[in-house]
Amino acid sequence: MRIRAVVSATLASVGILVAGWQSGAHVANTASAVGTTAGTTGSGSSGSTGSSAPSSGATGTTGSSSSTGAAAKAGGTFTGDVVQTRFGPVQVQITVSGGTISDVTALQLTDDGGRSVQISNYAAPLLRAEVLQAQSANVQTISGATVTSDAYLTSLQAALDAAHV
């Protein structure tokens, strides 16, 4: 009887997680589609720290949401959303060349206090190297920099979605 209760609770938890993940993915897809619909150029970012306005889409590249992969094949620079954390905003920009990620740049990193800056300066190069090797946002978070890593990878995924990579 106890096994049945554990299995039921586990299945219920998985169902809730999947529903939340799908609704979050839907919101992210909607946000990244705003900058690339109807062949318009995305809004980009100036890279100034402290900006709280989300930015998504392609910079310097035009594309259509109906031509999947066209933007990635053409290449260009794609800016992810600004992700707000309790330690400050995080935003990532990628450069795509020939359908592969050739560069990842952190436009904004957490900066709320000296320790936050130290963590960001430690985590950013490690995350960059992992992303370039994996060619995706499917990488491990950096131990001790979980908040920064999660925000970095969320912004990265928005840029990847805009690039259709």
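This is a predicted model: local features need pLDDT of at least 70, side-chain atom pairs count only at pLDDT 80 or more; totals for chains, interfaces and linings use all residues.
Is Q135 buried, partly exposed or exposed? With a relative accessible area of 28%, Q135 is partly exposed, because buried would require under 20% and exposed over 50%. Its place is the loop between α3 (114–134) and α4 (146–163). Look at the backbone there: Q135 is not a glycine, yet its phi is positive, about 60 degrees. Most residues other than glycine have a negative phi.

**Next, H164**

Move along to the segment after α4, where H164 lies. H164 also is not a glycine and has a positive phi of about 60 degrees. Its relative accessibility is 25%, so H164 counts as partly exposed.

**Strand β4**

Now select residues 88–97, which make up strand β4. Eight of these 10 residues are buried, so β4 is largely enclosed by the rest of the structure.

- Select residues 76–79, strand β2. Four bridges pair β2 with β4 in the antiparallel sense.
- Select residues 83–85, strand β3. This strand is antiparallel to β4, with three bridges between the two. V83 has V90 as its bridge partner in β4. β3 and β4 form a hairpin, and two residues lie between them.
- Select residues 100–108, strand β5. β4 and β5 run antiparallel and are joined by seven bridges. T95 stands opposite D103 in β5. These strands form a hairpin as well, with two residues between them. In the turn, click on G98, whose phi is positive at about 65 degrees.

In a regular strand the side chains alternate between the two faces of the sheet.

**The nonpolar core**

Which residues touch the most other members of the largest nonpolar core? Select F78, I94, V104, V131, Y152, L153 and L156: within this core of 26 residues, they are the ones that do. Colour the model by element, and β4, β5, α3 and α4 are the elements that each give two or more residues to this core. The most come from α4, which gives eight.

**Last stop, I94**

What is I94 in contact with, leaving aside its neighbours within four places in sequence? Its contacts include G76, T77 and F78. I101, D103 and V104 are also among them.

Conventions: Residues are numbered from 1 along each chain as its sequence is written. Side-chain values use heavy atoms; hydrogens and water are left out. Buried means under 20% relative accessible area, exposed over 50%, partly exposed in between (1.4 Å probe, protein chains only). Two strands pair if DSSP finds at least two bridges between them. A nonpolar core is a set of buried Ala, Val, Leu, Ile, Met, Phe, Trp, Tyr and Cys residues joined through side-chain atoms within 4.5 Å. Contact means heavy atoms within 4.5 Å.
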